[in-house]
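Subject: Structure for you to look at

Hi,

Here is the structure I promised to pass on. Have a look at it first, and then read on for what turned up when I went through it.

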Amino acid sequence: MNLKSLKSKQKISLTSFIAVFLFADLVTMQYLQSSMYTLIQYISLAIVVGYVLLKIKYIRVQDYIFLAAAFILAFCIVISSYMNHINPAALRSCIYYAALIFTMCIFLVESGNMGKLDKVLLGGRRYLLIVAALNDLLMLVMPETFYNISGRNIGTTLLGNKFNVSYSHLMLMFLLIFAEKNEKKRNKKVVIYAVLMSILCVFVDCNTTLLACWVFVILYFLPEHLKMVASKPIVFIVIFFLSGFLLLSFSSILTWGPVKHLIVDVLHRDATLTGRMQVYSYIYRIVFQKKWLGYGYETNIVLSTSKWYANAQNALWDFIICYGFITATVLTVYMMMSVFRYFKYNKKEIKKSSWIIFSMLYVYIFMGIGEITYNKQFFFFIAVLWACCSVKSNNTRRKKVRIR
């Protein structure tokens, strides 16, 4: 009995250990980027792949269609880049990126089926606590090297620019809240972490993430009947597409006198939303030149066309520009499969743990209105939601077996 218990603990610790390598690829230290660091990233991914292959037996039949969607998504990203003849170095990065997405998805699905999703998130929490603390310490003690954020300058920190910093801390906030099982303590931590996140966002001048963390707080404390409404797939998909068309379709609202007065004179903000409204005029022209498979991984077509803006300043349209409508459709299917699964297992009662994950999808969609957020971290939350429902499904199945 003791031997079995020891083996179980070793397996659990191994899962958390492997998870560290996954999160090291999900949240990278951009300041260290070099050929050596790239090699470390490849090795980290290879370690996760090896673990995934060892645990392949834990994939269930109902998981295959979800994994197939993840594979097609990754495949389309690579094909889009290959068809656009991007340079060999960028193509290698694209293949690595696609492999990370698919491997991450399998790893999380397997972990959910094994009942070890908490151990995976524990490994991620430990990794992010270390790198986030180191990043913040360096920003404070060596700002001339690890900060440099002023005005339109987005800065250079250990984790990268201000968006990398804020998104990484947002993921850490999620992991810390998700880990707390005591509901009263968790309710307090949600507010405390949101305040800390707000301070960080003000410090790095990232207003979008500042608003996003309070959107999360609002979603977390929604009444149950409103959570039920927000959980419906039709509501989710409408909001998803609305985030892509909101500013493009209603840009004239911002130029209306009273609204412009509120933004400029009261809130002391730029009426063009820091230039975003100007770049949106280029989007339709760019998209429909290569509408099916886009321009490829990390394209600079928006910059070369607009002469100023590095991307589309909207998550959905930037994804379409990079990979086309075909890949965006696959992304939508991949995402909605997880949402439907969530709705199926929560339609009678909203579970706090899965609602926290579901809320993070809404948070990324909210940020996607004006930022580029449909990336590997967004894909992570989609896969975690599916895996969390797998844990719930397994627990339900075990209870039924015991009753019999």
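In helix H9, the buried residues are Thr208, Thr209, Leu210, Ala212, Cys213, Phe216, Val217, Leu219 and Tyr220. The helix runs over residues 207-220, and its 14 residues reach 20 Å from the first C-alpha to the last, close to the 20 Å expected at 1.5 Å a residue. Please keep in mind that this is a predicted model.

Next, the core. The largest nonpolar core has 137 residues, and the members that touch the most others are Phe23, Tyr334, Phe379 and Phe380. Helix H16 (residues 315-346) is the biggest contributor to this core, giving 17 residues. What does Tyr334 touch, once its neighbours within four places in sequence are left aside? Its contacts are Phe66, Ala69, Ala70, Leu73, Cys105, Phe379, Ile382 and Ala383.

On to the aromatic rings. The count of aromatic pairs comes to 34. One of them joins Trp355 and Phe358, with ring centres 5.8 Å apart and planes at 35°, so this pair is tilted. Both residues sit in helix H17, and because they are 3 residues apart, about one helical turn separates them. As for accessibility, Trp355 is buried at 0%, and Phe358 is buried at 0% too. In general, an α-helix has 3.6 residues a turn, so residues three or four places apart point the same way.

Thr373 lies in the loop between helix H17 (352-367) and helix H18 (376-403). Is Thr373 buried or exposed? Thr373 is buried, with a relative accessible area of 0%. Its side chain reaches the backbone oxygen of Tyr364 at 2.9 Å. Leaving aside neighbours within four places in sequence, Thr373 is in contact with Tyr167, Ala315, Tyr364, Met367, Gly368 and Phe378.

The side chain of Asn182 reaches the backbone nitrogen of Lys184 at 3.1 Å. Asn182 is partly exposed, with a relative accessible area of 37%.

Now for the backbone. Most residues other than glycine have a negative phi. His85 is in the loop between helix H3 (64-83) and helix H4 (88-114), where it is exposed, with a relative accessible area of 71%. Glu298 belongs to the loop between helix H14 (276-287) and helix H15 (301-306), and it is exposed as well, at 61%.

Last, the cysteines. How many disulfides does a search of the whole structure find? The search finds 0. Cys388 is buried, with a relative accessible area of 5%, and Cys389 is buried at 0%.

Happy to talk any of this through.

Best wishes

Definitions and conventions:
Residues numbered from 1 in each chain as written. Predicted model: local features only at pLDDT ≥ 70, side-chain atom pairs only at ≥ 80, totals over all residues. Heavy atoms only, no water. Core = buried A, V, L, I, M, F, W, Y, C linked by side-chain atoms within 4.5 Å. Buried < 20%, exposed > 50% of the residue type's maximum accessible area, 1.4 Å probe, protein only. Helix = DSSP H or I, 4+ residues; strand = E, 2+ residues; numbered from the N terminus. Contact = heavy atoms within 4.5 Å. Polar contact = N/O pair within 3.5 Å; in protein donor to acceptor, adjacent residues only side chain to side chain. Expected span 1.5 Å × (residues − 1). Disulfide = S-S within 2.5 Å. Phe/Tyr/Trp six-rings, centres within 6.5 Å; stacked < 30°, edge-to-face > 60°.
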